[in-house]
Amino acid sequence: MLKIENLVVNYGYISALRGISLEIEENEIITLIGGNGAGKTTTLMSISNLVKKTAGEIVFNGTDISKMDPDKIVRLGIAHVPEGRNIFKKLTVEENLIIGTITEKNLPRKEIHSRCEEMFTLFPRLKERRKKSGGSLSGGEQQMLAIARGMMLRPKLLMLDEPSLGLAPIIVEEIFELMNRVKQGGMTILLIEQNAMLALEVADRGYVLQNGEIVLSGTGRELLNNPEVKKAYLGI
Ligand SMILES: Nc1ncnc2c1ncn2[C@@H]1O[C@H](COP(=O)(O)OP(=O)(O)OP(=O)(O)O)[C@@H](O)[C@H]1O
Ligand SMILES: [Mg+2]
């Protein structure tokens with residue numbers, strides 16, 4: 001579904017990605033793990049074409065998206081839920097969801113409404129708070145709202161940048177459970193996580209990034225059992 005080949009990204013003289021290649025198949029959960037500054041966020045930003053590539057190619061379902069406008073990439077079916085919870089604090093939960101469909105012009109009201117209801121089924125906590133302002137939600141609820149907003153376009157590929165950051169373990173579990181449900185619904189997920197243990201448990205496959213390079217890849221299980229991964233990322 002998505003193929004990255006020899007991607008190089010530099011920020012000035014800082015080399016963030018030094019020629020990475022990876023592939024995502026349809027209906028997989030793929031995780032990128034790696035320490036701070038490894039290049040995980042930059043990888044997602046490159047797919048969405050929000051950073052300038054020095055070299056490399058990204059192909060999505062047979063289309064070269066390397067130089068495509070970011071909004072067109074969204075319309076092709078790639079949703080990006082960035083680091084941090086960029087929700088609109090003054091708008092209600094429901095309005096935040098509706099904004100998620102902004103790139104899809106002429107979407108009938110009825111359709112938007114039914115997608116909102118779908119999200120409320122998936123995230124009952126948001127349903128109870130649908131008329132509340134985004135800013136009044138807890139951190140975990142805001143994170144759920146950011147994910148739900150990303151899903152409003154029914155993307156083929158959902159990219160999540162550290163959805164569990166700063167959340168209580170019980171909420172993190174909820175979010176991970178949700179990923180499995182979303183996958184069953186036929187979506188493909190590219191997940192970035194600091195919590196490597198959880199990520200590898202939920203993922204079909206994973207890639208380990210270190211200093212802008214992919215140093216290891218394998219199934220979630222293989223990586224969980226890999227001695228280097230255990231030592232560097234799992235703390236066991
Ligand atoms: N806007 C920027 N300008 C300059 N350098 C940047 C910029 N964004 C990232 N970098 C650098 O690029 C490298 C990769 O950063 P990136 O944000 O992709 O890492 P990450 O793996 O997502 O890290 P984290 O786990 O801390 O979020 C780092 O060395 C970082 O300092
Ligand atoms: Mg990051």
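Guide: Two residues are in contact if their C-beta atoms, placed from the backbone, lie within 7 Å. The model shown is a predicted one.

Visitor: Leaving aside its neighbours within four places in sequence, with which residues is Glu94 in contact?

Guide: Glu94 lies in helix H3, residues 93-99. Arg130 is 36 residues away from Glu94 in sequence, yet the two C-alpha atoms are 5.2 Å apart. Once neighbours within four places in sequence are left aside, the contacts of Glu94 are Cys116, Arg130 and Lys131.

Visitor: Does Glu94 count as buried, exposed or partly exposed, and why?

Guide: A residue is buried with 20 or more other C-beta atoms within 10 Å of its own, and exposed with 12 or fewer. Glu94 has 19 such neighbours, so Glu94 counts as partly exposed.

Visitor: Which residue stands opposite Ile4 in E4?

Guide: Strand E1 covers residues 2-11 and pairs with E2 in the antiparallel sense over 8 bridges. In E2, Ile4 has Leu22 as its bridge partner. E1 also pairs with strand E4, residues 55-60, in the antiparallel sense over 5 bridges. In E4, the residue opposite Ile4 is Ile58.

Visitor: Which element gives the most residues to the shell around ligand 1?

Guide: The residues around ligand 1 include Tyr11, Ile14, Gly37 and Lys40. Two elements give two or more residues to this shell: strand E2 (14-24) and helix H1 (40-47). With 3 residues, the element that gives the most is H1.

Notes. Residues are numbered from 1 along each chain as its sequence is written. Chains are lettered from A and ligands numbered from 1 in the order in which they are written. This is a predicted model: local features need pLDDT of at least 70, side-chain atom pairs count only at pLDDT 80 or more; totals for chains, interfaces and linings use all residues. A residue is near a molecule or strand if its C-beta atom, placed from the backbone, lies within 6 Å of it. Helices (H or I, at least four residues) and strands (E, at least two) are DSSP runs, numbered from the N terminus. Two strands pair if DSSP finds at least two bridges between them.
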